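Please examine the sequence and the model below before reading on.

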Amino acid sequence: MDNLRLWHKFLETIKPSIGPANFKTFFPKTLLKSIEGDKVIISTPHAFAKETLNQKHLPLIEATFEKLLGKKVHVEFIVKELESSSKPEEDFFKPIQTVAAVLNPKYTLENFVVGPSNNVAYAAAQAVVQHPGTSYNPLFLYGGTGVGKTHLMLGIGNALLSKNGHLKVIYCSSEKFMNDYVTAIQEHKMGDLRRRYRMADILLIDDIQFFSGREGTQEEFFHTFNELQSKNSQMILTSDRPPQEIAKLEDRLKSRFTGGLMIDIQSPDFDTRVAILRAKCAEQGNIIPEDALKLIASSLDSNIRELEGKLIQILQSLKAQNLSASSENIATFLGQIPKKPVVSDHKQVLSIICSFFDISLKDLTGPKRQKELVLPRHIAMYILSEELRLTVEKIGQVLGGRDHTTVMHGRDKMKQLINKDREMQRMFIEVKQKIMS
Ligand code: ADP
Ligand code: MG
């Protein structure tokens with residue numbers, strides 16, 4: 001367990017026994033600094049916190065660590081180095097959310113599996129960790145459900161926190177921001193709301209598409225945004241679509257959101273799905289044969305959350321029946337023989353696509369570029385590549401001698417469309433079913 005994770009566990013464990021008032025007063029801005037042998041060092045925001053924790057709560061703190069680490073430890077407190085510009089005394093009586101307790105330490109950059117669908121976003125994440133608040137502000141991540149937006153965003157937050165544990169990181173869903181705004185108005189506490197959000201060094205807002213149509217919230221957020229940007233606080237926003245496509249979003253926000261770095265995360269390809277499953281198994285100490293992982297990966301093709309859910313479900317059900325996690329048992333569970341296309345021949349695939357769209361093979365593989373032909377062509381490129389695993393060169397060849405870069409472009413375009421456009425997704429699934437059944 002790394003220090004951040006351990007600290008998170010510690011906070012969770014001590015919270016009920018120390019009581020909410022004490023917790024709020026003393027634990028924001030404290031951090032597990034180091035553990036060496038049996039010596040645990042906790043950094044505190046100032047001398048007052050240090051003294052109080054030491055005099056009043058030391059036995060409980062040591063007992064809590066003992067419970068978590070399974071050994072006796074001596075806890076010492078230090079006053080943090082003055083690395084952040086805020087005045088601790090001033091903030092002290094208005095504690096903001098405890099940073100470490102808010103970010104889920106499960107999501108890190110280390111356990112984010114990188115593949116062609118997300119490598120650009122991952123590189124941007126690294127850049128933000130290197131230079132927060134400068135060039136990529138805001139970082140706007142968008143993509144379909146379960147592709148890893150929240151994971152990547154929190155991964156950045158955690159990486160920044162492990163570089164500097166005193167950063168004020170605020171993570172919230174867009175609903176939370178909206179609710180806070182509404183409550184602040186009702187209770188006449190706009191000042192508090194502003195202070196809270198505008199003091200952030202790092203502000204992470206998830207699923208910002210829900211700001212759609214919320215005029216008051218948008219207005220408030222616009223000013224928060226400007227203030228944070230002007231003091232170089234890093235902002236990361238996620239959304240299920242790019243800003244231009246969020247309905248009822250003020251133009252000035254659209255232009256703010258597009259003004260930093262905008263990146264989409266796409267659905268993971270087969271190899272990445274396998275790699276993610278492999279990583280999730282390893283994390284939990286489960287051993288599953290490679291071909292079984294492939295079976296699971298091929299049973300679902302876009303949503304990683306569902307993929308993970310399926311993995312857990314399989315493991316639990318095998319365990320309940322006292323069965324080993326062998327490929328045979330997993331295949332049985334999935335209720336299927338490995339899902340290979342029934343046709344393994346590209347000619348058949350093309351002919352199924354042609355009959356589905358009611359076009360001729362000559363048109364599909366020919367030079368004409370009408371919309372009615374381009375879409376089926378792109379679908380063909382995508383299926384031949386993802387399902388039949390033909391090389392892009394080969395695909396170019398069977399589609400009437402097209403260049404491999406054209407094929408790559410068409411395939412990726414299709415992937416993106418399927419990811420973004422529900423109508424397209426439905427149609428694609430229909431075509432695929434014809435090919436697979
Ligand atoms: P989103 O916010 O895009 O809907 P999440 O970030 O919540 O998706 O991801 C859904 C689940 O899939 C999470 O459990 C997350 O850990 C996992 N996940 C997504 N992408 C990856 C990845 N590249 N590597 C490892 N796990 C991932
Ligand atoms: Mg999310």
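What follows describes the overall build of the protein and then one of its sheets.

This is a predicted model, in which local features need pLDDT of at least 70, side-chain atom pairs count only at pLDDT 80 or more, and totals for chains, interfaces and linings use all residues. Residues are numbered from 1 along each chain as its sequence is written, chains are lettered from A and ligands numbered from 1 in the order in which they are written, and side-chain values use heavy atoms, with hydrogens and water left out.

The protein contains 21 helices and eight strands; helices (H or I, at least four residues) and strands (E, at least two) are DSSP runs numbered from the N terminus. Its C-alpha trace spans about 85 × 55 × 35 Å along the principal axes. Of the 437 residues, 49% count as buried, that is, under 20% relative accessible area with a 1.4 Å probe, protein chains only.

Three strands form an open sheet in the order 1-2-3, with mixed pairing; two strands pair if DSSP finds at least two bridges between them. Strand 1 (31-36) and strand 3 (74-79) stand at the edges, each with a single partner strand, so one side of each has no neighbour in the sheet. Strand 1 pairs with strand 2 (residues 39-44) in the antiparallel sense over five bridges. Ser34 has Ile41 in strand 2 as its bridge partner.

Conventions. Buried < 20%, exposed > 50% of the residue type's maximum accessible area, 1.4 Å probe, protein only.
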